[in-house]
Amino acid sequence: MNYWMMPAIVRPCSPDYVEYVKSEIEAWAGVPDITERTRRREVCEARQVACYILRLRTNYTTTKIGAIFRIDHASVTHSVQTVCALLANNREFRACWRPLIDKLKV
C-alpha cells in the first residue's frame, strides 16, 4: 500500500499520547530508550514503528516527530515508508508489530 494513500486517524497533539506511544513501544521491544542515537536493529526498528504511528495517528509534521526522536525529517518519512512496506510484505515483521500498532490505534 502506498504511504500517501493511507488513511490517517488524526488525534489531538497531546504530549501525553506521544509519551504513551514511546513507553508502549519501548516495553514491547524491550528497548530502554528509543530516542537513543544508535543503529542497533532493535532500537531502529522500534523508532521506525513509533514514527509510523505518530505520523499516521497525529497531525504532527515530520519535522516535529523528528525533533521528538532527534532525527531528521527525511528519516521520519523513510521510517514511515519502510514500516508501511514491511507491514505489507514481511510476515515476521507484521506478526511482531501488528498487535501493538492495532492496540495504539484506539
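## Helix H1

In helix H1, the buried residues are Tyr17, Val18, Val21, Lys22, Glu24, Ile25 and Glu26. The model described here is a predicted one. The cover over the buried residues of H1 includes H2, H3 and H5.

H1 is made up of 15 residues, and the distance from its first C-alpha to its last is 21 Å, close to the 21 Å expected at 1.5 Å a residue. Just after H1 comes Gly30, whose phi is positive, at about 70°.

## Helix H2

Helix H2 spans residues 41-57. Its 17 residues reach 24 Å from the first C-alpha to the last, which is close to the 24 Å expected at 1.5 Å a residue. H2 is mostly covered, with 12 of its 17 residues buried. Among them are Val43, Ala46, Val49, Ala50, Ile53 and Leu54, and the buried set also includes Arg47, Gln48 and Arg57. The buried residues of H2 pack against helix H1 (15-29), helix H3 (62-69), H4 and H5.

Leu56 is a residue of helix H2. With a relative accessible area of 5%, Leu56 counts as buried because that value is under 20%. Along the chain Leu56 and Lys105 are 49 residues apart, and their C-alpha atoms are separated by 9.4 Å.

## Aromatic pairs

How many aromatic pairs does the count come to? The count comes to two aromatic pairs. Tyr17 and Tyr20 form a tilted pair, with 6.5 Å centre to centre and 40° between the planes. Both residues lie in helix H1, three residues apart, about one turn of the helix. Tyr17 is buried, at a relative accessible area of 10%, whereas Tyr20 is partly exposed, at 34%.

Phe93 and Trp97 also form a pair: their ring centres are 6.4 Å apart and their planes are at 40°, so this pair is tilted. Phe93 and Trp97 are separated by about one helical turn because they are four residues apart in helix H5. Are these two residues buried or exposed? Phe93 and Trp97 are both buried.

## The largest pocket

The largest pocket holds about 210 Å³ of space. Which residues line the largest pocket? Its lining consists of Thr38, Arg39, Cys44, Arg47, Gln48, Ile71, Asp72, Ser75, His78 and Ser79. At least two of the lining residues come from helix H2, and at least two from helix H4 (73-89).

By class, the lining of this pocket has five polar, three charged and two nonpolar residues. Arg47 and Gln48, which belong to the lining, are also listed among the buried residues of H2.

## The second largest pocket

The second largest pocket has a volume of about 170 Å³. Arg41, Cys44, Glu45, Gln48, Leu86, Asn90, Glu92, Phe93, Cys96 and Trp97 form its lining. H2 supplies at least two of the lining residues, as does helix H5 (91-105). The classes here are five nonpolar, three charged and two polar residues.

Notes: Residues numbered from 1 in each chain as written. Predicted model: local features only at pLDDT ≥ 70, side-chain atom pairs only at ≥ 80, totals over all residues. Heavy atoms only, no water. 1 Å grid on protein atoms, 1.4 Å probe; cavity = no way out; pocket = protein on both sides within 12 Å on 5 of 7 lines; lining within 4 Å. Points joined across faces, edges and corners; volume = space filled by probe spheres on them. Nonpolar A, V, L, I, M, F, W, Y, C, P; charged D, E, K, R; others polar. Expected span 1.5 Å × (residues − 1). Buried < 20%, exposed > 50% of the residue type's maximum accessible area, 1.4 Å probe, protein only. Contact = heavy atoms within 4.5 Å. Phe/Tyr/Trp six-rings, centres within 6.5 Å; stacked < 30°, edge-to-face > 60°.
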